[in-house]
Amino acid sequence: MARHMSPALPLPAAAHLLSAEYPGEGSTMKLRVGLAQITPALGRLDRNLELCLEALAKARQEQVDLLLFPELSLTGYYLKDLVPTVAQRRDSPLLRRLADESRDLSFVVGLVEESPEHLYYNACCYFEEGALRHVHRKVYLPTYGIFDEHRYLARGDRVRTFDTKFGRLAMLLCEDLWHPSAAYLAWVGGARMILAPSSSPGRGVGDPERLGISSTWEAINRFYAKMFSLFVCFANRVGYEDGINFWGGSEVVGPDGGTVVKAEYLQDDFAVAAIDTAEVRRLRFFNTLLRDEDLALTLRELQRLAGERYA
Amino acid sequence: MIRATEVNLTINTALVEKLLVGFVANEVRKVGMERVVVGISGGIDSALSTYIAAAALGRENVVGILMPYKTSNPESKEDALRVVGDLGIEHRVIDITPMIDAYFGAFPEADQMRRGNKMARERMTILYDQSAVARALVLGTSNKTELLLGYGTLYGDMASALNPIGDIYKTQVRQLAKAMGVPAPIVAKTPSADLWLGQSDEAELGFTYDEVDRLLYLYVDQRYSSEDLVEAGFDALFVARVAERVRANQFKRRPPLIAKVSERTIDRDFRYARDWGR
């Protein structure tokens, strides 16, 4: 199981994975997933840590087991030249402080990670039992339209699942989820939940029901949840930066493609979904796509395509 | 292929209202302010901006400034007072005739363009001064059509701290104004900058807002080419004129150029959001 851990983590060996508190592969459980739909202040680690601590307190009151914050929840989104100023190393006092907070409650926060080589990543960090357990560095940095991420940030180079006390999970950051290949890797990597912290700017007002971008996201979340028979937990921020709104609407979608919980649009909210990962097992009685998926074929064809492209 | 006659600019007014009201509340309060001042002309754009501000901040936090010139249409003032009365906001009437006439006393040959621009800039200086009195931000009232066509005065009516309606076209301003309860006569009347007697936007521009909004939507929002638009049924000369106006007026939508000499130049490689630290 240790192969699922990121080798760069400053953690003791994966001894915790052997402890009785961690389920063996395939065990299912009931848990409460919280979505902290917050308005981070741009470039203000101090204020955003306060928001984070408030949400953690609320999560404890609500008996949440796993709390999800949005992308860049500790920093705000349109950082531009603030990126190095707000970046955190994995051993920073702030991350140690957050790790401490995770003794009784697992959670995911978004921040800018500074690597030992002084590269900056849009990252999300999974904290559990007092330690940083996994970091996902955003792979697909949108750099078009209203987005400019690759100008300021380095690109992550892996999509890995990882083991937690709730079973095997994957984290994908916002635009990552728009790449079916990234979600596919999470699925074949054995994730029973995809955690998707996001900072999605609102746009498109021609639809009588909702924002154009919400429709797209909601379709994406339901599609993966249903086709892959897993939970998609989407935590999107709210608030405005330089006139750009972030639309919220955080949600947990179940492995049947149904909505388990949906937060409000365009305002702070805190939503809790009581889920049972046994649902993944039950739905996979019906949906045998994972069993039937031909990895070797996919790999051969990808290698052929890559060979042709780079020939 | 898109058809010129099939373009639909209908917006979800409840959603846009929520976005714009939230925008004003958020962007005003996070800089530590509570209030805005807005120049109310009697037209639909400034009326809509005022309704949005009142919904966002409360009527007690919106100050309307009416700034007529001696040739302004008296109906404009009546309509402006209708907005003030309907919302129950504080207001002030400041006649700009003495300032404008004092200046042009020295330049009697000045044409309508110079006079109109000067009036727009006079009003801007008054709004900024009144914003200091009210401890408020200046609210913008330029819509997307005007901004794209450059149909406004640089550092005049185009100047503001924040503009809630700059990303919606004139025809969409009408939809939202109606939905938010802007008085019907203001929504219905012929658009005019009212810089001189009998001025009409559409006569001056040479096309209607309805026509140009459909064109701009396809050209700007949907990124169709000029060739596509002609094929879609728009008149070729109309397409060319509008495309050229959008290009030629880009300067009005940008801050002044700065000559680069250092390692880090403002807005080039010194890049921060305006909401830095907010």
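Colleague: Which residues make the nonpolar surface patch of about 260 Å²?

Modeller: Areas come from the Shrake-Rupley method with a 1.4 Å probe, and for residues only the protein chains shown count as cover. Here Phe223(A), Met227(A) and Leu289(A) make the patch. This is a predicted model, in which local features need pLDDT of at least 70 and side-chain atom pairs 80 or more, while totals for chains, interfaces and linings use all residues. Side-chain values use heavy atoms, without hydrogens and water.

Colleague: Where is Met227(A) placed?

Modeller: Met227(A) belongs to helix H6 (residues 212-228) of chain A; helices are DSSP runs of H or I with at least four residues, and strands are runs of E with at least two, numbered from the N terminus. Its relative accessible area of 35% makes Met227(A) partly exposed, a class between buried (under 20%) and exposed (over 50%).

Colleague: In what order do the four strands of the open sheet in chain B stand?

Modeller: Strands of a sheet pair through backbone hydrogen bonds, either parallel or antiparallel. Pairing requires at least two DSSP bridges. In chain B the order is S3-S2-S1-S4, with parallel pairing. Strands S3 (90-93) and S4 (136-138) of chain B each have a single partner strand, so one side of each lacks a neighbour in the sheet.

Colleague: How many bridges join S2 to S3 in chain B?

Modeller: Four bridges join S2(B), residues 62-66, to S3(B), and Ile65(B) stands opposite Arg92(B).

Terms used. Residues are numbered from 1 along each chain as its sequence is written. Chains are lettered from A and ligands numbered from 1 in the order in which they are written. Patches are made of residues with over 30% relative accessible area and no salt bridge: like charges are joined within 9 Å, nonpolar side chains (Val, Leu, Ile, Met, Phe, Trp, Tyr) within 5 Å. A salt bridge is a side-chain nitrogen of Lys or Arg within 4 Å of a carboxyl oxygen of Asp or Glu. Buried means under 20% relative accessible area, exposed over 50%, partly exposed in between (1.4 Å probe, protein chains only).
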